[in-house]
Amino acid sequence: MTDQTTQPSVTSPARASKGGMFGLSSKDTTLLLVVFAMVVLAPFILNPFPEGSGLAQFNAGYPDLMQRFVIFGIFAIGFNILFGLTGYLSFGHAAFLGVGSYAAMWSMKLFTLNVIPGILFAVIVAGLFAAAVGFISLRRSGIYFSILTLAFAQMSYALAYSVLTPLTGGETGLQIKNTDNPILSNIPEGEIGRANLFGAQMGNSYEMAVGNWLFTFNLGYYIAAAFMLVAFYLSIRIFRSPFGMMLRAVKSNQQRMNYTGLTPKTYTLYAFIISGMYAGLAGGLMVAMDTQVGPERMFWTASGEVVIMTILGGAGTLIGPVLGAGSIKYMENILSKINKDVLHQWFAFLPDGLEDAVVVFADIFVGKQWHFTLGIVFMLVVIFLPGGLVEGAQRITARFSRKKSSNNTPAE
Amino acid sequence: MTSILSVKGVNKRFGGLQALGDVNLDVAENSCHAIIGPNGAGKSTLLNVLVGKLIPDSGSVVFDGQSVLGRQPHEINQMGISRVFQTPEIFADLSVMENMLIPCFAKRDGAFKMKAIGAVFGEKDMVQKAKEMLSEVGMLEKRDMIASSMSRGDKRRLEMAMCLVQDPRLLLLDEPTAGMARADTENTIELLKTIRKERGITMAIIEHDMNVVFSLAERITVLAQGTPLVEDIPDNIKGHPKVREAYLGEAQV
């Protein structure tokens, strides 16, 4: 929440209003196109190792994980609009994710198994809920604001778990059952309907084998990715807009805003609602992908996760939250699968005694202990790179370009 | 001369302390009115009443025919009163240009407007207006700097430019040279004189430094223990026995 986090990438739209596409500056257009290319080519980029090789363990190009990358990317992009710009740290954003999921689920159970109405419904319901929570929580700022949002999220979790069971399915959550018969979809009696986009099912995949490599192109992933690209594009527009500038003013000096004739609270409330809608979109997409939801999606650890994603990647930067979400989901899914057997295979070339010692040591960082590694990485980033991974990348580029030509001014 | 700001019979108590007692004050349009007084005379309390931060126990404050009592600071700003603080209040993490653009948007779009899609720098009129103001105060070449990295004098200059770009009807200045080095103080006085001469903006200054007061003010009110002691033109204030008493009295204690 210090001013350090806003520095580089947001302060310099001053000289860049020309040369780009889609109403963006040329620098932002480049960023958008790079992200677009990476998202489209993700099945290749994330599967660099051939099947059956020892390193195939590190391949992340399977549909389930790729979907999670982009969905949590959306969640973090939205969170960053609130936290990165205004500095208001919400500790209850998972509530909007959960509410969005339940809303999408009911849309699928009752109306249609087409995912689009479900996702829109999720965004709207999450936005309304965020308006109510934000209106009350924004009566306070700082730690009290954070605690209020946390309290709301935990209340939502507790309600979903108990009193609201008819609506939420309680502990077991909601799934699509063979008794569900959405009025707009024709499901044959006794069959379980599947989420689809105008008939095409989310699970549809096309597999491409090139030599020993296997690449999977999954419809669900590309739908989620399309939403993510739109969400990312809108966030760039918001960052560069007068509204985005006002949000950074909120973080910088509310007193001056008041005496300049502006209402910082209203601006913050709108940022809160928008970021709640992003969370709702993420929640809706989760349901579209795996057609299930449980109350644990709203638990406080889920709210904490998006905070960590945003800070790890770089709060207040455009691409940071996406990087943060990607790194954490990668560690959660890849690091956690490495167990002692795998480690023994890797270090088999070492003498026996040494092999055992190395394996015991390495085991501290992998498997179920992946949280420990995450903790270390997070600490290192916060201490040495307060601007997150983005600041790390910027420092590397700056060093690189300085070496190339010493007359050039360092990169921003 | 018509008065733009008129304070009548304002009282404010904090517990047992009478901070303001029956304050009457008129600021004439297109003038520079200074409010001086020893420490604890109630200058800051009066200023806070004027900007809506404090509500007096009784009395009225009328600006341009409308009461300001009970209004929020942002509403009072929208009525046309801008305030310069004792320590410059600027958007320290933002660039100088953005610091200028925010008041421009506030003036044009009001207290809140959802403009989340178009780019800030696509608003050519606003950018033009901000640039003109910056060059008027001689800071145009610093427009890409982050505001926090500037000197104290420049921050003060920026804050004034932020107020002026809104074309206020009344500019309130709270000890604009407090804690400044000699050179910065001189610069600030010059800047204020220029603004006063070229823009004809009505100013009310609360000030400790007599040098500043006598080189700027056209009319002076001396406040002591929450009550106006004298109000007159600077030349008559200088040797006024009551004023000497108030200041010397303080010195003897």
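Q: Which residues touch the most other members of the largest nonpolar core?
A: Welcome to this predicted model! The largest nonpolar core holds 181 residues. Five of its residues touch the most other members, and they come from chains A and B: A:I74, A:F75, A:L281, A:A282 and B:M100.

Q: Which helix of chain A gives the most to this core?
A: The helix in question covers residues 264–290 of chain A. With 16 residues in the core, the top contributor is helix α12.

Q: Which residues is A:A282 in contact with, leaving aside its neighbours within four places in sequence?
A: A contact here requires C-beta atoms within 7 Å. Once the neighbours within four places in sequence are set aside, the partners of A:A282 are A:I71, A:F72, A:I74, A:F75, A:L97 and A:G100.

Q: Why is chain A as compact as a globular protein of its length?
A: Chain A is built with 18 helices and six strands. For 412 residues the globule rule gives 22 Å, and chain A comes close to that, so it is as compact as a globular protein of that length, with a radius of gyration of 23 Å.

Q: What percentage of the residues of chain A count as buried?
A: Being buried takes 20 or more other C-beta atoms within 10 Å. Among the 412 residues of chain A, the share that counts as buried is 46%.

Q: Where in chain A is the pLDDT below 50?
A: Chain A averages a pLDDT of 88, and 93% of its residues score at least 70. Another has nine contacts beyond four places in sequence, and that is residues 407–412.

How values were computed:
Residues are numbered from 1 along each chain as its sequence is written. Chains are lettered from A and ligands numbered from 1 in the order in which they are written. This is a predicted model: local features need pLDDT of at least 70, side-chain atom pairs count only at pLDDT 80 or more; totals for chains, interfaces and linings use all residues. A nonpolar core is a set of buried Ala, Val, Leu, Ile, Met, Phe, Trp, Tyr and Cys residues joined through C-beta atoms within 7 Å. A residue is buried if 20 or more other C-beta atoms lie within 10 Å of its own, exposed if 12 or fewer, and partly exposed in between; C-beta atoms are placed from the backbone. Helices (H or I, at least four residues) and strands (E, at least two) are DSSP runs, numbered from the N terminus. Two residues are in contact if their C-beta atoms, placed from the backbone, lie within 7 Å. The radius of gyration is taken over C-alpha atoms; the globule rule is 2.2 Å times the number of residues to the power 0.38. pLDDT is the predictor's confidence in each residue, from 0 to 100.
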